[in-house]
Amino acid sequence: MSGRGSTAVADMNQPLPRPLSYLANSALGVCTGFFEWFGNLGIFSWQVLKAAVTPPYEWRELVRQLDEVGSKSLPLVVLAGSAIGVVLSLEARYSLSRFGAKSMFPVTLVYSVIQVMGPIITGLVVCGRVGAGMGAELASMKVSEQIDAIEASAINPYRLLAATRILACILMLPLLTVAADASGLLTGWFAQSLVEPLSFHQFISTGFSGATFNAFLPPTFKTAVYGLIIGLIGCFQGMKTRGGAEGVGRAATNSVVLGSLFLIMADVVLVKFILVVFH
Amino acid sequence: MATAYDNPTKLEVARKDGSAQVVAVENLHKSFGQLNVLNGISLGVSSGETLAVLGRSGTGKSVLLRLIIGLEKPDSGSVRIHGQDIAGQALDRMGEIRKKVGFLFQHAALYDSLTVAGNVAFPLEHHRRDMSRAERGDRVNQLLSEVGMEGGLDKMPSDISGGMQKRVGLARALALEPEILLLDEPTAGLDPISSGEIDDLILKLQHERQMASIVVTHDMHSARTIANRLAILDQGNVVIEGSYEDLQQSEIGFVKEFLKQS
């Protein structure tokens, strides 16, 4: 009996077969990495928040970032919004015609663009342009010791580099969304009027009939959260990067991939939140 | 050629008065994962004195400078600047201490989006907000003139040579009139003539400003020229510390080998 028991203990002390051991180690590594990443993101966010609310404020850098995020993204956002407007117009006209509900076209287009497509398209376009740019720029500064040089010059890099960029994203996303919405509605109406004449005044008055601020403001302002995500992920990936050119490339890619992923997940939560609170 | 030994008066005064030690590193340990870089190192430097830290690659010389300016946190031990322990200081509190320290990075670490003048003006813009634009411009010109870079203010860092980048980095490090100067491989990657020019420049600045300086270098010739005292590191510890003559008289095998190869 005791002999069998000692054999069982000896069996337990045997190392796992190599493939199993490899799998176990890999799974453990992934789990540790996952929690470590979120822990570091939390510490980074706290550092940025502390730096953002305490003087001195970096107004000049903030204005530069507002221009970088806002003005320079505007053409791309307007173009994307316009394309979405045309696509939605074509799709909506076809689908509504099938159900004999063509009169619903203006309302359908207005609500689709402003509540759904405008915010998410703006978020994704800005994430692609600004998120990648921030990730690459800050990572490049990190690997060439420029961020260390800023810190050694007694300047808080979280305040100068991260807080200004994140704040610029938060402030600019809703404004860019309005631009995307406007261009989407304009091109949507234009595409429709090419097929079937419809005055712009009639399109707007029908589309917005019965609409309240609650229907349009929350979806527009939720993009401030997208801005927070884009800025935070971009700055975090950039400022915490390691390695040379490879690290810079990885930071740029991760900024876009993770930023887009979190943005879409946030949209799920925010849509539900808006439906519960504002409707 | 003039050397740091030509001006020992202030150094002797500083050594007699222990309180004059501006930077004091005590029993400093630092490791990265399994790799022990510094194993209880202790060093100090006084006002007007230049200490050269030498050693093989990977012995933690640059890490020592990064610990002194707070870019890395020590595992244990203390770094005191003017008697104030910097370990555990918040970033903004560290800022006040860092204003007293100028740092020249190994590759200069100039801001690549700013011009030469913009790089030197950068610390002034953030810490000397009382200065007018004209005053700041004059100060930048003066600093660049001190390091022999009168021309090319509007050039970008990528458009100037490595030696020039080091000069601009030095001008930037001096912008806030630091009491302590940390130089990480100031002559690395430069030709002998440019190295000599940088050495002369450092020596000139030392004579004019009487800062406490720590120079990390591989270059024994440069170390002899600019430093009052030399320390050789091996495996994270100070093997020997003293004048070049002290090093020459040492019976330690590693020191003998190091001097022979230098």
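In the predicted model, helix H10 of chain A (residues 223-239) packs against helix H11 of chain A (residues 245-278) with the two axes 9 Å apart and at an angle of about 155°. This angle makes H10(A) roughly antiparallel to H11(A), and the crossing of H10(A) over H11(A) is right-handed. On the side of H10(A), the contact is made by A:Val225, A:Tyr226, A:Ile229, A:Ile230, A:Ile233, A:Gly234, A:Gln237 and A:Gly238. Their counterparts in H11(A) are A:Ala251, A:Asn254, A:Ser255, A:Leu258, A:Gly259, A:Phe262, A:Leu263, A:Ala266 and A:Leu270. By class, the residues of this contact between H10(A) and H11(A) comprise 11 nonpolar and six polar, with no charged residue.

Helix H11(A) also packs with helix H5 of chain A (residues 105-143), and the axes of H5(A) and H11(A) come within 8 Å and cross at roughly 150°. Angles over 145 degrees count as roughly antiparallel, and H5(A) and H11(A) are therefore roughly antiparallel to each other. The crossing of H5(A) and H11(A) is right-handed. The residues that form the contact of H5(A) with H11(A) divide into 13 nonpolar, 10 polar and one charged.

A further partner of H5(A) is helix H8 of chain A (residues 200-207), whose axis comes within 8 Å of that of H5(A) and crosses it at roughly 70°. The angle makes H5(A) roughly perpendicular to H8(A). Here A:Pro106, A:Val107, A:Leu109 and A:Val110 of H5(A) meet A:Phe203, A:Thr206 and A:Gly207 of H8(A). Five nonpolar and two polar residues make up the contact of H5(A) with H8(A), and no charged residue takes part.

Chain B contains 10 helices and 10 strands. Along the principal axes, the C-alpha atoms of chain B fill a box of roughly 55 × 40 × 40 Å. The radius of gyration of chain B is 18 Å, which agrees with the value near 18 Å that a compact globule of 262 residues would have.

Within chain B, six strands form an open sheet of mixed pairing, in the order E6-E7-E8-E3-E9-E10. Strand E6(B) (101-104) and strand E10(B) (237-242) stand at the edges with a single partner strand each, so one side of each is left without a neighbour in the sheet. From one strand to the next, the twist averages 15°. Strand E7(B) (residues 180-184) and strand E8(B) (residues 212-216) pair in the parallel sense over five bridges. In this region, B:Ile180 has B:Ala212 in E8(B) as its bridge partner. Helix H2(B) (residues 61-68) packs on the sheet and touches strand E3(B) (50-55), E7(B), E8(B) and strand E9(B) (229-234). The direction of H2(B) makes about 150° with that of E8(B).

The two chains also meet: 16 residues of chain B are in contact with 12 residues of chain A. On the side of chain B that touches chain A, helix H3(B) (91-98) and helix H4(B) (116-127) each supply at least two residues. The residues of this side of chain B divide into nine nonpolar, four polar and three charged.

Note on methods. Residues are numbered from 1 along each chain as its sequence is written. Chains are lettered from A and ligands numbered from 1 in the order in which they are written. This is a predicted model: local features need pLDDT of at least 70, side-chain atom pairs count only at pLDDT 80 or more; totals for chains, interfaces and linings use all residues. Axes are lines fitted to C-alpha atoms, for helices over the stretch in contact, and angles run from 0 to 180 degrees between N-to-C directions. Helices (H or I, at least four residues) and strands (E, at least two) are DSSP runs, numbered from the N terminus. Angles under 35 degrees count as roughly parallel, over 145 as roughly antiparallel, 65 to 115 as roughly perpendicular and the rest as oblique. A crossing is left-handed if the near helix is turned anticlockwise from the far one by less than a right angle, and right-handed if clockwise. Two residues are in contact if their C-beta atoms, placed from the backbone, lie within 7 Å. Ala, Val, Leu, Ile, Met, Phe, Trp, Tyr, Cys and Pro count as nonpolar, Asp, Glu, Lys and Arg as charged, and the others, Gly among them, as polar. Two strands pair if DSSP finds at least two bridges between them. The radius of gyration is taken over C-alpha atoms; the globule rule is 2.2 Å times the number of residues to the power 0.38.
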